[in-house]
Amino acid sequence: MKPAHAHEHTLVDDINELTHQDPALCYQCGKCSAGCPIREFMDVAPNKVVRYVQLGLFDKALQSATIWLCAGCQTCSTRCPKSFELAAFMDALRELAQERGIEPSDQAVYKFHQAFLKQLRHHGRLYEMGLIRDFKLSTFKLMQDVDVAPAMLLKGKIGLFPHNIKNREAVRRIFKNVETIEKEEHS
Amino acid sequence: MKIGYFPGCSLGGTAKEFDISLRAVMKALGVELVEIDDWSCCGASSAHASSHLLAVSLPARNLLLAGQQGLTEIVAPCAACYSRLVIAQHEVANDAGLKAKVERAIESPLPAGEIRILNVVQLFERIGPEKLQAAKRVDLAGLSIAAYYGCLLVRPHEITGFDDVEQPVIMDAILAATGARLVDWNFKTECCGGAHSISHKPIVTKLSKKILDDARQSGANVVAVACPMCHSNLDMRQVELRKEGGHQDLPVLYLTELLGLALGLGRKELGLDLHFVRLPEQAQTAPQENRA
Amino acid sequence: MKIGVYICYCGENIGRTVDCAAVAKACAELPGVVDSVDYKYMCSDPGQNIIKNAIREKGLQGVVVASCSPHMHEKTFRRACSDSGLNPFLCEIANLREHCSWVHEDVPAATRKAIDLVRMAVEKVKRNGELEPIRVPVTKRALVVGGGIAGIQAALDVANAGFEVVLVEKEPSIGGHMSQLSETFPTLDCSQCILTPRMVEVYQHPRIKLLSYSEVEKVEGFIGNFKVTIRRKARSVIEERCTGCGLCVQKCPTKKAPSEFEQGLAKRPAIYVPFPQAVPNKPVIDRNVCTHFRTGKCGICKKVCGRDAIDFEQQDQFVTEDIGAIIVATGYQLYSISKKPDDSAIKGYGEYGYGKYPDVIDGLQFERIASASGPSSGEIRRPSDQKEPKKVVFIQCVGSRDEAKGFTYCSKICCMYTAKHAMLYKHKVHDGEAYVFYMDIRAGGKMYEEFVRRAIEEDGVKYIRGRVSRIYPSGGKYIVKGEDTLAGEPIEIDADMVVLATAMIAQPNAQKLAQVLGVPYDGYGFYQEVHPKLRPVEVSTAGIFLAGACQSPKDIPEAVAMASAAASKALVLFGSDQLEREPTVAKVNEATCIGCFYCQKVCAYNAIEVKEIRDRKGNLVKTVASVNPGLCQGCGTCNATCPSKSIELLGYTDEQIFAEITALG
Amino acid sequence: MSESNWEPKIVAIVCNWCTYTGADLAGTSRMKYQPNVRIIKLPCTGRIDPVFILKAFERGADGVLVSGCHPGDCHYNAGNFHARRRWMLFRDLLDFVGIEPERLQFSWVSASEGRKWVDVINGVTDAVRARGPFTGYQAINKEFVAHE
């Protein structure tokens, strides 16, 4: 274990920028992990992810499946005695892991988000059929939900064709502009 | 009364009946919904997992459109959309640097005036229980409802300022107008894992089961929801739970559907036949079964 | 003028941020300064000698010491001056430590500021006058507010030293929270066994006047000379007549009021004695519950009383007492997890049910359940169904160390009493399981750590490091959701009963009483001592001392020690017949006073008197204001109010302050 | 001093019991704030004569802070109450004289509020820095000369 030096720019500074809160706030009571609905499916307890960041063990934090499995329900943030926004912290770690090119430990969630954003970028709105198709193709979980999807289709709840918004260009430009701004900030 | 409407993607698809029932109930109550022209997805639940700026900019575009349309109050029935919209609004209001970046991303300054964003429960709070009471046609005495708020309606409390964050009661109070009994239960705000509905079905099935079991044990014969993701999880996952065996169906209805029934609207008008688990025809007005 | 300036490095405390040598050099150039010296520790003996010698050798007429806050060492340096024959009020302090070196980082800027501060002090001291201390008599009689263990101890100490004590208790009986406890850590002494004799001693003490069911209404005057008004709340029972036979209590038909003493776990009648060992053992009628007061009917108590001691007509009465010193020992209350109003800065615990689950109780309720005199006679029974709980979860730090709910501080005693609770439980329910959720174990104290280890090693209490996120009922049990942060494992326990170690917080009326007494308090409502280390029982208002948990959370040994300390401070005061007071009081210029008496209107101390000026033949020339220096507290409001500038606050005259401002540079 | 490195001069007139002690606490807690402030200690804000404030401006202060005990907490029971009443009248007067109200601030800082003291000082310093140097003192000076 090699503690990070105070003056060099670390993941902690990036987290501070994105979330406006210092991970040092956390006093490791574990209430977040205690209340987390997804806790039993995680490889690393949420409080431990914060601990890794506090210790400067950034890779361990960024490589955990926990950051991807976090459902963003904010039970932790709501009950945290230090009012630490752990859900926002997890969002930040996901973003920073991607920025650093770290292979997401939970591919399913990652692929889902990718598929989701792709739909969004193309159509301006979520095209659910397209999302399921892309997600299945990328994860090879072809059979899952097969029984439910046709039922959805029959009920008319999932459209076969996408609903495009009129000004799809506007949404595409948002994606582009965000990428440009983020690139500028990192350089 | 006239109010802006941000349906969000789900209400055009998997949560079609939420849209159908909301429109029907609003019509019955004389409230005009003005849909935001050419609205786009708010980014939930994926944008915030990859870019904070994107997660704020996508809702911001919709706030911009609403502002251009002169709307000062909008309802976002989907809890996830509601959450993204209020968070985006809060963040740009409190972080000038972020605001500047967002305005660059959407290529326009944000509207200066305040736009009030309501979730569906707040919408009914706004309309007022008296109005609901006055329009009531059918007494739903046969129903024992477990009102399920889910995670995103009440949180983060500093931003939503809506109801009690641990023991919310406002949806219960609104549904009480139907004449149904509201049960006190444990998992009003427990997360169903909605974000993982597609990526990790077993997780969601397990969480949904826990929630449904507690609702039933607390004496409920129907669960009321105000979120499309909660609905698709709790309703659709019962298909798997049936296969696992030992499962007893528990209908899951949108808040708007229950209110619609009380207003005397037809099951079809409310999209009730679109659910996987059907509400039995007689359930709503049948005398309540004995509960121990 | 010959002024000496003495710059202290305070080791590195000032020297690190302020260039003290440069300050000394710059100050040597100031007009009137004949000596300017920097030294490592000015408050040390050699440091003080530099000043003393300079006063003698250079004939200084004023001294400025640039050092720490005047609240720290002003007295020290004034004494040094007076030792060498310079009037102590010709010494001024420039605060270079608390107001400069400790709060700034930039050395040149801090040094510039230091020079400014010294220059201001130099200009002021040039205009200081010689002042002589004022002497006032001391009333050798103490008031103790609060009759818990701290108040009892303080009252007994002062009374046993030979002085009179007035002990005021707001409840019908003294004893406080300690009387509710079952056993005490770390010895497991029975609480009432050790407390009751003290309560009786108070009652029988010839020099203690006990006013129970009473509250302090008003405090006037100042150290050695307080006048205190006390409200004696209407008891509806004439204490002098009542023998405490208890017949009225037995016969009262209304028996449904929740007992305060039993923490709501049992009921009491409308006329009641809080607990059997109460002192005084005289009942009181709860007028909100009593049938007679609600409907005008009943009156059984009055009929059965053989001594005619029941008085339905009784009104609150007010008594005034002359007091020399006040000891405040008003204690604490327990935080409740119930829902709080939306605008409150303090939140309840919705995730633990806001107090709606009957078997989720607090520490004092557990004390009553475990107490031999409690509602279940010391057998462990849970409130909902009176069954013996086989699995009990104890949760520490509920409300404490939880800034989201409103309290950042550690309540200090919960680690110990939770260990005690778990231990008592295991001693009484041998086949039971006890779990403790904790964040840290703070067991600093004689035999404390050993006590906690005993609970774990000998009694098999299972300690789990982590906060609990949720408690909810399920099938007659309570599901407690936690995480063992040491193992990194989620934990769910199906408990029969949950005991919350809720925070010790300030009394609900702490702020109001503080304003009556003139005692400062912190953001939580705890009373503020003058100095956390060196003056822990004094407050900034002279003559008032603190004891026990009104100052911050404390256990019994600490509260008792603090009470004895407060008592000894009162006794120090009572050791002299007269008291020296700071002579910084107002003074009237009779020649220019026009007798408008605006000063009298704004004076909070009635210190302005009317003085008639007569000529030699006795004819009235004019009436002017005159200050009673014994009453004047030196606030200076009169000075700022006077339209003809005829009243001055010595030590803070217009001339002195203008000089300071002019010297700003 | 050239325009670019001008630093505002702030005078804080504070009471001995609450704010002075609160400022001491900021020191003992090693909190940091901007070094522009010079404190003048009075027993109570009730002692403050509005002329002190004018004098400070006349002597080149760019901003003045008056701070005492919270309402109800005055060591002398009511001194801060009198100060507040005087203050209300005085504020209008200042406006009349042409001193921008931002240059003069009033706050309550108790003996336990070290953090608040830091925030107040930084706030006043920043506000006054944004206003720039106070140049109206010559005018006040003239008033003083005429008065005396």
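What follows is one connected walk through those meeting places.

Analyst: This is a predicted model, so local features need pLDDT of at least 70 and side-chain atom pairs count only at pLDDT 80 or more, while totals for chains, interfaces and linings use all residues. Residues are numbered from 1 along each chain as its sequence is written, chains are lettered from A and ligands numbered from 1 in the order in which they are written, and side-chain values use heavy atoms, leaving out hydrogens and water.

Start with chains A and B. Contact means heavy atoms within 4.5 Å. By that rule, 63 residues of chain A are in contact with 62 residues of chain B. The size of an interface is often given as the accessible area lost when the parts come together. Buried area is that loss, found with a 1.4 Å probe and summed over both parts. For chains A and B it is about 5,400 Å². Carbon and sulfur atoms give 57% of that area.

Next come the charged links. A salt bridge is a side-chain nitrogen of Lys or Arg within 4 Å of a carboxyl oxygen of Asp or Glu. There are 5 salt bridges between chain A and chain B. One of them joins Arg104(B) to Glu184(A), with the closest N and O atoms 2.9 Å apart. Chains A and B have 22 residue pairs in polar contact, both residues at pLDDT 80 or more.

Which elements give two or more residues to the side of chain A that touches chain B? They are helices H5 (66–69), H6 (75–79), H7 (86–99), H8 (107–123), H9 (128–139), H10 (148–154) and H11 (168–186) of chain A. The largest share, 12 residues, comes from H11(A). By class, this side has 30 nonpolar, 14 polar and 19 charged residues. The labels need a word. Helices (H or I, at least four residues) and strands (E, at least two) are DSSP runs, numbered from the N terminus. Ala, Val, Leu, Ile, Met, Phe, Trp, Tyr, Cys and Pro count as nonpolar, Asp, Glu, Lys and Arg as charged, and the others, Gly among them, as polar.

Now turn to chains C and B. Here 12 residues of chain C are in contact with 8 residues of chain B. The two chains bury about 850 Å² between them, with 31% of it on carbon and sulfur atoms. Lys356(C), Arg470(C) and Tyr472(C) supply 46% of the area that chain C buries against chain B, more than any other three residues. The count of salt bridges between these chains is 3. Lys356(C) takes part in a salt bridge, meeting Asp184(B) at 3.6 Å, N to O. There are also 6 residue pairs in polar contact between chains C and B, both residues at pLDDT 80 or more. Strand S24 (residues 470–474) of chain C gives the most to this side of chain C, with 3 residues. By class, the side has 4 nonpolar, 2 polar and 6 charged residues.

The side chains of Arg38(D) and Asp116(C) meet in a salt bridge at 2.8 Å, N to O. This pair crosses from strand S2 (residues 37–42) of chain D to helix H5 (residues 107–125) of chain C. Are these residues buried or exposed? Both Arg38(D) and Asp116(C) are buried. Buried means under 20% relative accessible area, exposed over 50%, and partly exposed in between, with a 1.4 Å probe and protein chains only.

Compare some pairs inside chain C. Arg97(C) and Glu98(C) form a salt bridge at 2.9 Å, N to O. Arg97(C) counts as buried because its relative accessibility is 11%. Glu98(C) is buried too, at 3%. Lys170(C) and Glu171(C) also form a salt bridge, at 3.7 Å, N to O. Lys170(C) is partly exposed, at 29%, and Glu171(C) is partly exposed, at 38%. Salt bridges that share partners join Glu123(C), Lys126(C), Arg127(C) and Glu655(C) into one network. Over all chains, the count comes to 84 salt bridges.

Technical notes
A polar contact is a pair of N or O atoms within 3.5 Å; within protein, one must be able to donate a hydrogen and the other to accept it, and residues adjacent in sequence count only if both atoms are side-chain atoms.
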